[in-house]
Amino acid sequence: MFAKLIIRINGIGFSDDKPAQVVVSPEKVATFHGYDVYWLEDNVEYAVITKKNISPFVPISQEDYYKACIKKYSNSTEVGIGFVVDRYKEKLSKLSADRRKQQAVVNMESEDFSEESAAEQPKYFITNPQLTEHSRSNEIQLITISWSKTSTDKPLRLYKGGKDGFDIKDYILKQLHDDSKIWSEIIKLSTVN
């Protein structure tokens, strides 16, 4: 695997195997030019650049998680996906009023919400909708920069390899990663407080 860089404007964007904008236990791992960097379950690090002083992730309730799954899979044209939608609808219908409001916590063995100690189980979060609230088409409220792992299976920010052969792509991306001048210009583009 070689490192790759993706820049998104007014969106975060995650892997397609979870409902849109739902992530499992985001972990702050570093900073990038003064902004937090998060590692997510798709082995990618995300720098979340915004002038808003809010958390980029907020807990998602069990009810909202199931609704997001139903919405995502209802729009799929994949054969047999109706079974998955029906399964999520059934699980949603069986949730008590109290459980509907609780944070979605994953039991990795059953791929269902955990009844066990929430401290030991991964938790679901959703991107904070306030990050791009009241957006006008000409305003940049959020810039997300993501890097996949390098060919050495390490985060790009830790890359110390050479610039020959297959390492050249990782080397160039690391040089870009460390270029304060270019990133300060990009960060200035975020115009909304």
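This is a predicted model: local features need pLDDT of at least 70, side-chain atom pairs count only at pLDDT 80 or more; totals for chains, interfaces and linings use all residues.
Me: Good. How many helices and strands does the chain have?
Reply: There are five helices and 10 strands. Both are DSSP runs numbered from the N terminus: helices are H or I with at least four residues, and strands are E with at least two.

Me: And how much of the chain counts as buried?
Reply: Of its 193 residues, 40% count as buried. Strand 10 has six of its six residues buried, so it is largely enclosed by the rest of the structure.

Me: Which strands pair with strand 10?
Reply: Strand 1 pairs with strand 10 in the antiparallel sense over five bridges, and strand 5 also runs antiparallel to strand 10, joined by six bridges. Two strands pair if DSSP finds at least two bridges between them. Ile145 in strand 10 is the bridge partner of Ile7 and also of Ala47.

Me: What does isoleucine 143 touch?
Reply: Leaving out residues up to four places away in sequence, Ile143 touches Ile7, Arg8, Ile9, Ala47, Val48, Ile49, Ile186, Leu189 and Ser190. Contact here means heavy atoms within 4.5 Å.

Me: How many residues has the largest nonpolar core, and which have the most contacts inside it?
Reply: That core has 16 residues, and those with the most contacts inside it are Phe32, Ala47, Ile49, Ile143, Ile145 and Trp147. Strand 3, strand 4 (35–40), strand 5 (44–49), strand 10 and helix 5 each give two or more residues to this core. A second, separate core of 15 residues includes Cys69, Ile70, Tyr88 and Ala104. A nonpolar core is a set of buried Ala, Val, Leu, Ile, Met, Phe, Trp, Tyr and Cys residues joined through side-chain atoms within 4.5 Å.

Me: How do strand 3 and strand 4 pair?
Reply: They pair in the antiparallel sense over five bridges. They form a hairpin with two residues between them, and His33 in the turn has a positive phi of about 50°. Glu27 stands opposite Trp39 in strand 4.

Me: Switching topic: what is the order of the open sheet of three strands?
Reply: The order is 2-9-6, with antiparallel pairing. Strand 2 (22–24) and strand 6 (57–59) are at the edges, each with a single partner strand, so one side of each is left without a neighbour in the sheet. Neighbouring strands of this sheet are turned by 45° against each other on average, direction ignored; the angles are taken between axes, which are lines fitted to C-alpha atoms (for helices over the stretch in contact), and run from 0 to 180 degrees between N-to-C directions.

Me: How many bridges join strand 2 to strand 9?
Reply: Three bridges join them, and strand 6 also pairs with strand 9 (residues 124–127) over three bridges. Phe125 in strand 9 is the bridge partner of Val23 and of Pro59, while Ile126 is that of Val58.

Me: Now helix 4: which of its residues are buried?
Reply: The buried residues of helix 4 (residues 168–177) are Asp170, Leu173, Lys174 and His177. Seen down the axis, they fall within an arc of 105°, so they line one face of the helix; the arc is that of the directions from the helix axis to the C-beta atoms. They pack against strand 1 (5–9), strand 3 (27–32), strand 10 (143–148) and helix 5 (180–188).

Me: And what is leucine 176 in contact with?
Reply: Leaving aside neighbours within four places in sequence, Leu176 is in contact with Leu5, Ile182 and Trp183. Leu176 is in helix 4 and counts as partly exposed, at 26% relative accessibility. Leu176 and Leu5 are 171 residues apart in sequence and 9.6 Å apart in space, C-alpha to C-alpha.

Notes. Residues are numbered from 1 along each chain as its sequence is written. Side-chain values use heavy atoms; hydrogens and water are left out. Buried means under 20% relative accessible area, exposed over 50%, partly exposed in between (1.4 Å probe, protein chains only).
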